[in-house]
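Hello,

Here is the structure for your files. My notes follow below it.

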Amino acid sequence: MSASANLECPICGGEVTLGGDTLQGELIECSDCGTELEVTSIKPFAVAEAPQEEEDWGE
Ligand SMILES: [Zn+2]
């Protein structure tokens, strides 16, 4: 139960590989576009663009 998974980056469509030990909520970086992605689900694997916390948008 430790098979890796290949997903499509939601931003650039590039291939993102998740290891079998990836945890839900883990942050990974797309090797193609460099976007930070959050693992939103592990059954099955799914990723979404991580919330940007570096910029202060004046909320
Ligand atoms: Zn990407």
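Ile-28 stands opposite Leu-37 in strand 4. Glu-29 has its place opposite Glu-36 in strand 4. A word on the source: this is a predicted model, where local features need pLDDT of at least 70, side-chain atom pairs count only at pLDDT 80 or more, and totals for chains, interfaces and linings use all residues. Residues are numbered from 1 along each chain as its sequence is written.

Strand 3 and strand 4 (residues 36-42) run antiparallel and are joined by 3 bridges. Strands here are DSSP runs (E, at least two residues), helices likewise (H or I, at least four), both numbered from the N terminus. Two strands pair if DSSP finds at least two bridges between them. The hairpin of strand 3 and strand 4 has 6 residues between the strands. In that hairpin, Gly-34 takes a positive phi near 80 degrees.

Next, strand 4 and strand 5. They pair in the antiparallel sense, over 5 bridges. Glu-38 has Ala-48 in strand 5 as its bridge partner. The hairpin that strand 4 and strand 5 form has 2 residues between them.

Together these strands make an open sheet of 3 strands, order 3-4-5, with antiparallel pairing. Which strands stand at the edges? Strand 3 (27-29) and strand 5 (45-49) do. Each has a single partner strand, so one side of each is left without a neighbour in the sheet. The twist averages 40 degrees from one strand to the next. For that angle, axes are lines fitted to C-alpha atoms (for helices, over the stretch in contact), and angles run from 0 to 180 degrees between N-to-C directions.

Now the chain overall. The count is 0 helices and 5 strands. From the N terminus, the elements run β-β-β-β-β. The C-alpha trace spans about 45 × 20 × 15 Å along its principal axes. The chain has 59 residues, of which 10% count as buried. Buried means 20 or more other C-beta atoms within 10 Å of the residue's own; exposed means 12 or fewer; partly exposed is in between; C-beta atoms are placed from the backbone.

One more residue: Thr-17. It is found in strand 2 (residues 15-18). Thr-17 counts as exposed because it has 11 C-beta neighbours inside 10 Å. Leaving aside neighbours within four places in sequence, Thr-17 is in contact (C-beta atoms, placed from the backbone, within 7 Å) with Ser-4 and Asn-6. Thr-17 and Ser-4 are 13 residues apart in sequence, and 6.9 Å apart in space, C-alpha to C-alpha.

Best wishes

Notes: Contact = placed C-beta atoms within 7 Å.
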